[in-house]
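Have a look at it first.

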Amino acid sequence: MASFYPKKRILLGPGPSDVSQRVLDALARDTIGHLDPCFVEFMEDTKDLLRKTFLTKNKMTFPLSAPGSAAMEMALVNLLEENDKIVICINGVFGKRMLDIANRIKAKPIALDFEWGKEIDPNVLRETLKKEKDVKAVALVHAETSTGVLSDAKNLAQIAKEFGCLSIVDTVTSLGGIELKVDEWELDVVYSGTQKCLSAPPGLAPITFSDNAIESIQKRKSPCPSWFLDLNLLLTYWNGDGGRSYHHTAPINNLYGLHESLLQLHDEGLENSWIKHTKIHNYFKNEMAKIGLEFFVRDGVRLPNLNAIRRPEKIDDAKFRSSLLNQHNIEIGAGLGPMAGKIWRIGLMGTSATKTNVDEFVKAFKIITE
């Protein structure tokens, strides 16, 4: 029996990203009780920092004690009841996951399938909403992690609003890394994860609910089918002036890490972070051209922080990624679903988004493929 000490890696996969020493130090601070008055004050600071990150004034903004996929489920199981109609835009793995959840709770999902590697077409959404009546919500992924595609969440949410629908937007890979303006774009339920552009450890999921979404949830005819993810129950812990009711034992130290990562982000400046990710992406793009690697997604809808690269036919996928990890300590991601073996997913997110990391990848690529 021995303590575990992980190898030092450069994390350039689809998540997690590198965690700074500043955040690691925060994780090691003394644990206190989750109902301690000073921790309650800390919770308010964390919520306020999240509002500044989402660019929202939504009161119902907090970090869910679970990963991003649980926040996806929370959004759907709170807003939808049995037989509620929802349009789900699918252009990758995570849109399909939304569809699976909607089916499990016996909602009536209308799936709009788009080619993987392409953005969600707003015209298709508009025509669908013209034909379908009584649609309660539209769900979409802003930054599809499985393909590296950016969709126009602002426009899509506005179309949903035109037809009286709420919007559910997955921003797991976009929050902190690219432009996202929850209030200005009038988004209703928006969730994310901590391990991407926020560069905090995985395990928490920032989420925010608009007043319209809260009103809809309060009008439910049946209880939320999940006890743990029931928003009304969770808010007895995360909401209120000064006091909290017990709901669950929050991951205290993980919340320290998130709080410090948000301070780090806002010390840099939110818009400066967006600009940084674009600059590093452009540098990466130029370096990829020099070594003959091609992007899977066309310019204009390509995520700057999650880069999908076509695997050259002459290179064995598994062997290359294994060599990269074991010989050069660099992690990148494989393709998912129909993209398995066809693309590499290279994340340049948060603390990992540096020219030095790009240079290290290029150097390793040349050595492995010589």
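## Helices H3 and H4

Ser-69, Met-72, Glu-73, Leu-76 and Val-77 in H3 are in contact with Phe-94, Arg-97, Met-98 and Ile-101 in H4, where contact means heavy atoms within 4.5 Å. Helices here are DSSP runs (H or I, at least four residues), strands are E runs of at least two, and both are numbered from the N terminus. By class, this contact has 6 nonpolar, 1 polar and 2 charged residues. Ala, Val, Leu, Ile, Met, Phe, Trp, Tyr, Cys and Pro count as nonpolar, Asp, Glu, Lys and Arg as charged, and the others, Gly among them, as polar.

As for geometry, the axes of H3 (residues 68-79) and H4 (residues 93-104) come within 10 Å and cross at roughly 45°. That makes H3 oblique to H4. Angles under 35 degrees count as roughly parallel, over 145 as roughly antiparallel, 65 to 115 as roughly perpendicular and the rest as oblique. The axes are lines fitted to C-alpha atoms over the stretch in contact, with angles from 0 to 180 degrees between N-to-C directions.

## Where the model comes from

This is a predicted model: local features need pLDDT of at least 70, side-chain atom pairs count only at pLDDT 80 or more, and totals for chains, interfaces and linings use all residues. Residues are numbered from 1 along each chain as its sequence is written, and side-chain values use heavy atoms, leaving out hydrogens and water.

## Helices H5 and H6

Now for H5 (residues 122-131) and H6 (residues 153-162): their axes come within 10 Å and cross at roughly 10°. H5 is therefore roughly parallel to H6. On the H5 side, Pro-122, Leu-125, Arg-126 and Leu-129 meet Asn-155, Leu-156, Ile-159, Ala-160 and Glu-162 in H6. Those residues divide into 6 nonpolar, 1 polar and 2 charged.

## The whole protein

Zooming out, the secondary structure comes to 12 helices and 14 strands. The radius of gyration, taken over C-alpha atoms, is 21 Å, close to the 21 Å that the globule rule gives for 370 residues, so the protein is as compact as a globular protein of that length. That rule is 2.2 Å times the number of residues to the power 0.38.

Buried residues make up 57% of the 370; buried means under 20% relative accessible area, exposed over 50%, and partly exposed in between (1.4 Å probe, protein chains only).

Glu-370 sits in the segment after helix H12 (355-369). Is Glu-370 buried or exposed? Glu-370 is exposed, with a relative accessible area of 81%.
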